[in-house]
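Please keep the sequence and the model in view while reading.

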Amino acid sequence: MQFLTALPIAVDAETPFRSFDPILGLARAHALTAYDAAYLDLALRRGLPLATLDDDLKKAASAVGVTLYAPP
């Protein structure tokens with residue numbers, strides 16, 4: 001727990017308000033779980049690369065123009 005509390009974790013306040021339209025739309029359009037679509041939506045909104053090993057999420061990210069994180 002000490003390690004986790006030291007991490008700079010931030011909660012995105014917008015995500016709960018986007019659950020039914022944008023996130024559900026992404027999930028349906030790309031055959032993703034709502035959980036995966038929420039991460040994709042966050043990456044889209046924040047302009048951040050997405051770190052994933054999930055092939056379906058990789059395909060969806062590519063389709064909407066989200067880059068994938070590649071460690072240095």
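The largest pocket of this predicted model holds about 540 Å³ of space. On a 1 Å grid over the protein atoms alone, a pocket is an open set of points where a 1.4 Å probe fits, with protein on both sides within 12 Å along at least five of seven lines, and lining residues have an atom within 4 Å of a point. Grid points are joined across faces, edges and corners, and the volume is the space filled by probe spheres set on the points.

Local features need pLDDT of at least 70 and side-chain atom pairs count only at pLDDT 80 or more, whereas totals for chains, interfaces and linings use all residues. Residues are numbered from 1 along each chain as its sequence is written, and side-chain values use heavy atoms, with hydrogens and water left out.

**Lining of the largest pocket**

- The lining consists of 16 residues, and Ala10, Asp12, Tyr39, Leu42 and Ala43 lie nearest the centre of the pocket.
- Two or more lining residues come from each of helix H2 (15–30) and helix H3 (34–46); helices are DSSP runs (H or I, at least four residues) and strands are E runs of at least two, numbered from the N terminus.
- The largest contribution to the lining is that of H3, with six residues.
- By class, the lining has 13 nonpolar residues, one polar and two charged; Ala, Val, Leu, Ile, Met, Phe, Trp, Tyr, Cys and Pro count as nonpolar, Asp, Glu, Lys and Arg as charged, and the others, Gly among them, as polar.

**Aspartate 12**

- Aspartate 12, one of the residues nearest the pocket centre, sits in the loop between helix H1 (2–6) and H2.
- Aspartate 12 counts as buried because its relative accessibility is 13%; buried means under 20% relative accessible area, exposed over 50%, and partly exposed in between (1.4 Å probe, protein chains only).
- Its side chain makes a polar contact of 2.7 Å with the side chain of arginine 46; such a contact is a pair of N or O atoms within 3.5 Å, where within protein one must be able to donate a hydrogen and the other to accept it, and residues adjacent in sequence count only if both atoms are side-chain atoms.
- Beyond four places in sequence, aspartate 12 is in contact (heavy atoms within 4.5 Å) with Leu42, Arg45 and Arg46.

**Nonpolar core**

- The largest nonpolar core has 13 residues, of which Leu32, Ala37, Leu40, Leu50, Leu57, Ala61 and Val66 touch the most other members; such a core is a set of buried Ala, Val, Leu, Ile, Met, Phe, Trp, Tyr and Cys residues joined through side-chain atoms within 4.5 Å.
- At least two residues of this core come from each of H2, H3 and helix H4 (55–64), and H3 gives the most, with four.
- Alanine 37 touches Ile23, Leu26, Ala27 and Leu32, apart from residues up to four places away in sequence.

- Threonine 52 belongs to the loop between H3 and H4, and a polar atom of its side chain lies 3.0 Å from the backbone nitrogen of aspartate 54.
- Threonine 67 lies in the segment after H4 and counts as exposed because its relative accessibility is 51%.
- The C-alpha atoms of threonine 67 and leucine 48 are separated by 7.5 Å, although these residues are 19 residues apart along the chain.

**Whole chain**

- The chain has four helices and zero strands.
- Buried residues make up 24% of its 72 residues.
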